[in-house]
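Keep the 3D view open as you read.

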Amino acid sequence: MGRRLRADVDQRQLGLFGESLALGQKPKVEKALPVRPSQIPKPMAFPKHSSGSAKVEPVPRKSLSTLPSEVVRPAEAALVLSVSLSLLKKWRAEGAGPRFVRLGGRAIGYRRADLSDWIVAQIR
């Protein structure tokens, strides 16, 4: 059995307060001095770009709703295979399960033909 910690530790032992503070006394709270608005430092402004600089626009992303009809998302693939999304993810990590397609970034898709082929291969 391990050593039990005491809940009633003297606050002075923790070093949280000065030595003059007796157990059970509250520390003195000092009020903040008033500050004039002119004393508050102003935030630094970012330098303005010249009008001649080239504007960089983000690359347009393809909408996943425009996938070809033969490619399905993992949620639909899980329904077709009657398994959970987490099991599909596990299979992808292990290199098991049906073949999948990386659609860019973290997006994953499954071709319907690959799902059908995998189902046929599972028949014993």
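Start at V72, which stands opposite Y110 in β3. A word on what you are looking at: this is a predicted model, in which local features need pLDDT of at least 70, side-chain atom pairs count only at pLDDT 80 or more, and totals for chains, interfaces and linings use all residues. Residues are numbered from 1 along each chain as its sequence is written, and side-chain values use heavy atoms, with hydrogens and water left out.

The facing residues V72 and Y110 bring us to strand β1 (residues 71–72), which pairs with β3 in the antiparallel sense over 2 bridges. Strands here are DSSP runs of E with at least two residues, helices are runs of H or I with at least four, and both are numbered from the N terminus. Two strands count as paired if DSSP finds at least two bridges between them.

Strand β3 has another partner: β2 (residues 101–104) pairs with β3 in the antiparallel sense over 3 bridges. Here R102 has I108 of β3 as its bridge partner, and G104 stands opposite A107. The hairpin of β2 and β3 has 2 residues between the strands, and in it G105 takes a positive phi near 65°. Put together, 3 strands form an open sheet in the order β1-β3-β2, with antiparallel pairing. The edge strands are β1 and β2, each pairing on one side only. As for β3 (residues 107–111), 4 of its 5 residues are buried; buried means under 20% relative accessible area, exposed over 50%, and partly exposed in between, with a 1.4 Å probe and protein chains only.

Now look at the helices. Helix α4 lies across β1 and β3, running at about 60° to β3. Axes are lines fitted to C-alpha atoms, for helices over the stretch in contact, and angles run from 0 to 180 degrees between N-to-C directions.

Helix α2 (residues 74–81) has P74, A77, A78 and L81 as its buried residues. They cover an arc of only 100° around the axis, which puts them on the same side of α2; the arc is that of the directions from the helix axis to the C-beta atoms.

The axes of α2 and α3 come within 9 Å and cross at roughly 100°, so the two helices are roughly perpendicular to each other (65 to 115 degrees; under 35 is roughly parallel, over 145 roughly antiparallel, and the rest oblique). Among the residues making this contact are A75 and L81 of α2 and L88 and W91 of α3.

What sits in the loop between α2 and α3? That loop holds S82, whose phi is near 60°, a positive value in a residue other than glycine. Most residues other than glycine have a negative phi. S82 is exposed, with a relative accessible area of 66%.

Finally, the structure holds 2 aromatic pairs. One of them, W91 with W118, is tilted, at 5.1 Å centre to centre and 50° between the planes. The pair links W91 in helix α3 (residues 85–94) to W118 in helix α4 (residues 112–121), 27 residues apart. Rings of Phe, Tyr and Trp (its six-membered ring) pair if their centres lie within 6.5 Å; planes under 30 degrees apart count as stacked, over 60 as edge-to-face and the rest as tilted. Both W91 and W118 are buried.

Conventions:
Contact means heavy atoms within 4.5 Å.
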